[in-house]
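Hi,

Have a look at it first, then read on.

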Amino acid sequence: MIKKYYLGLDNGTTGTTALLLDENWQQVGRGYKELTQHYPNDGWVEQDAEEIWESILFAVSVACETAGILPEQISCLGLDNVGETVVLWDKFTGKPVYNAIVWQDRRTARYCDSIKGEYGKYVEERAGVMIDSYFSATKIKWIMDNVEGVKEKVAAGRILASTLDGWIFWKMTHGQLFITDASTASRTLLMNIHKGQWDNDLLDLFGVKREMLPEICDSSSLYGYTDPLEFLGARIPIAGAIVDQQSSLFGHACFEPGMTKCTYGTGCFMLMNVGSTPIFSPNGILPTVAWRLNGQMCYALDGGVYVAGAATQWLRDKLGIITTAAQTEKMALDAGSNGGVYFVPAFSGLAAPHWDSYARGTIIGITGGTTKEHIVRSTLEATAYQVKDVLDVMNQDASIPVKRLRVDGGSVVNKFLMQFQSDILGIPIDIPEIAETTALGAAYLAALGVGDFKSSDELTGKWKLARSYEPSMGEDQRQELLYKWHKAVERAKSWAEE
């Protein structure tokens with residue numbers, strides 16, 4: 001009997017992960033390739049789209065080697081992508097016209113401010129999301145307006161523009177497949193969230209031509225096949241496409257309204273399944289498409305934290321306080337407490353529920369007795385506080401109290417952070433056996449797309465618990481910590497407004 005192998009590709013901000021699973025949904029292979037981020041100006045974040053493509057090939061090759069299989073033995077693949085990051089390229093040369101502009105990039109913040117008053121409500125009603133430099137449309141506009149020769153190429157019909165899924169699929173298939181899915185398209189400011197189609201009025205507002213953009217598809221379907229000349233000599237069915245955080249929600253089998261997950265990566269992202277009708281939050285939490293299956297949309301509430309794991313990277317790469325992320329657990333425990341130190345890691349502004357593009361990183365409460373252990377602990381605590389802020393608002397908006405939180409991502413191995421997170425939330429934290437839930441969700445969708453599952457219901461029993469953390473902190477201590485955290489956040493706001 002021929003064994004089946006499912007490939008989940010997770011195109012993240014700091015790296016690309018390829019996860020291979022067998023027919024029993026056990027992990028049998030994994031490949032990873034770190035990605036470089038470039039910071040050409042204050043608040044600007046870019047990546048090389050060609051490097052991203054090469055990282056896909058590298059990660060898949062390593063995953064196959066570790067599994068002891070050849071790429072042509074892969075039954076199907078699914079891809080999740082970072083969502084708002086965009087790249088524009090010449091469809092005749094296949095070359096990007098500029099670096100990919102990353103979701104964290106804030107260069108269009110002033111432009112967004114200038115049109116919010118007139119168009120803010122109008123855009124939110126159609127796109128679901130607010131006008132903010134976080135999303136893709138203004139990034140596309142910036143490249144067209146500021147990179148020499150691009151406007152002329154757009155007029156000549158030579159330019160394609162897409163989130164990274166469209167670029168990767170185009171490269172995989174030698175230009176034969178140019179698609180995105182409804183969940184990713186809902187992150188662009190250009191899709192009508194109610195209809196699941198590009199919105200002509202939004203396209204006109206941001207000056208984007210429909211023919212530049214990929215076709216919007218379901219999140220699970222047999223879209224096409226990889227080109228052996230481009231993709232490791234293999235012709236593999238491409239059958240899953242979704243934005244990364246929604247992929248994690250799917251990988252956690254959060255198929256019922258009210259089920260919630262949080263992914264700890266570069267940023268920190270919480271999604272709550274809210275069912276077949278979008279919920280429009282008055283508190284800055286975003287309505288978004290969770291996935292579209294058989295033409296039916298499922299929606300989610302989305303709360304994002306810009307900087308989580310990236311703050312630990314900063315401690316390592318810029319301050320030299322640590323040499324590996326793994327050190328932070330022991331250092332945080334050795335500190336005993338945060339020593340009164342609070343770190344608001346607003347390197348490129350604050351996301352939900354604050355939405356302040358001009359907030360900047362702040363470390364407050366430093367005294368002569370502050371140690372590097374206190375700084376490390378306050379960095380980890382900051383992630384937990386930010387997640388708490390998002391969950392509080394989400395509970396309020398959806399009127400569904402979250403009783404347990406399913407979590408994944410690189411930071412879930414940090415026992416201090418997970419226990420502190422449970423303590424601050426006051427609810428249990430559940431960690432699955434397969435921590436790479438984002439890539440797992442993409443693989444699930446691919447298996448669904450080729451017909452190996454009849455519906456998402458068949459996947460519910462696949463999620464398996466590895467361990468839980470139970471809250472042990474008293475309410476008075478919790479409230480005191482949160483009170484001081486919120487004081488620190490207020491100090492960080494509006495710093496870069498001048």
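The second largest pocket has a volume of about 570 Å³. This is a predicted model, so local features need pLDDT of at least 70 and side-chain atom pairs count only at pLDDT 80 or more, while totals for chains, interfaces and linings use all residues. Residues are numbered from 1 along each chain as its sequence is written, and side-chain values use heavy atoms, with hydrogens and water left out.

Back to that pocket: 23 residues line it, and Gln37, Tyr39, Ala310, Lys318 and Phe347 lie nearest its centre. Helix 9 (residues 309-319) provides the largest share of the lining, six residues. By class, the lining has eight nonpolar, nine polar and six charged residues. (Ala, Val, Leu, Ile, Met, Phe, Trp, Tyr, Cys and Pro count as nonpolar, Asp, Glu, Lys and Arg as charged, and the others, Gly among them, as polar.) Helices (H or I, at least four residues) and strands (E, at least two) are DSSP runs, numbered from the N terminus.

On the terms: on a 1 Å grid over the protein atoms alone, a pocket is an open set of points with protein on both sides within 12 Å along at least five of seven lines, a cavity is a set where a 1.4 Å probe fits but cannot get out, and lining residues have an atom within 4 Å of a point. Points are joined across faces, edges and corners, and a volume is the space filled by probe spheres set on them.

The whole structure has three cavities of 30 Å³ or more. The largest cavity has a volume of about 90 Å³; of its 17 lining residues, Leu350, Ala351, Ala352, His354 and Gln386 are the closest to its centre. Helix 11 gives the largest share of that lining, three residues. The lining of the largest cavity splits into twelve nonpolar, four polar and one charged. The second largest cavity is about 50 Å³, and strand 8 (residues 159-163) gives the most to its lining, with three residues. That lining has six nonpolar, five polar and no charged residues.

Now the salt bridges (a side-chain nitrogen of Lys or Arg within 4 Å of a carboxyl oxygen of Asp or Glu). The whole structure has 27 of them. In one, the closest N and O atoms of Arg30 and Glu436 are 2.3 Å apart. Arg30 sits in strand 3 (residues 27-34) and Glu436 in the loop between strand 22 (429-432) and helix 13 (437-449), so the pair ties together parts that are 406 residues apart in sequence. Glu46 and Arg107 also meet in a salt bridge, at 2.8 Å, N to O. Glu46 is buried at 4% relative accessible area, and Arg107 is buried too, at 13%. (Buried means under 20% relative accessible area, exposed over 50%, partly exposed in between, with a 1.4 Å probe and protein chains only.) By contrast, Arg30 counts as partly exposed, at 34%. Asp105 joins Glu46 and Arg107 in a network of salt bridges.

Last, strand 17 (residues 286-293): eight of its eight residues are buried, so the strand is largely enclosed by the rest of the structure. Strand 17 runs antiparallel to strand 18 (residues 296-305), joined by seven bridges; strands pair if DSSP finds at least two bridges between them. Trp291 stands opposite Cys298 in strand 18. The two strands form a hairpin with two residues between them, and Asn294 in the turn has a positive phi of about 50 degrees.

Cheers
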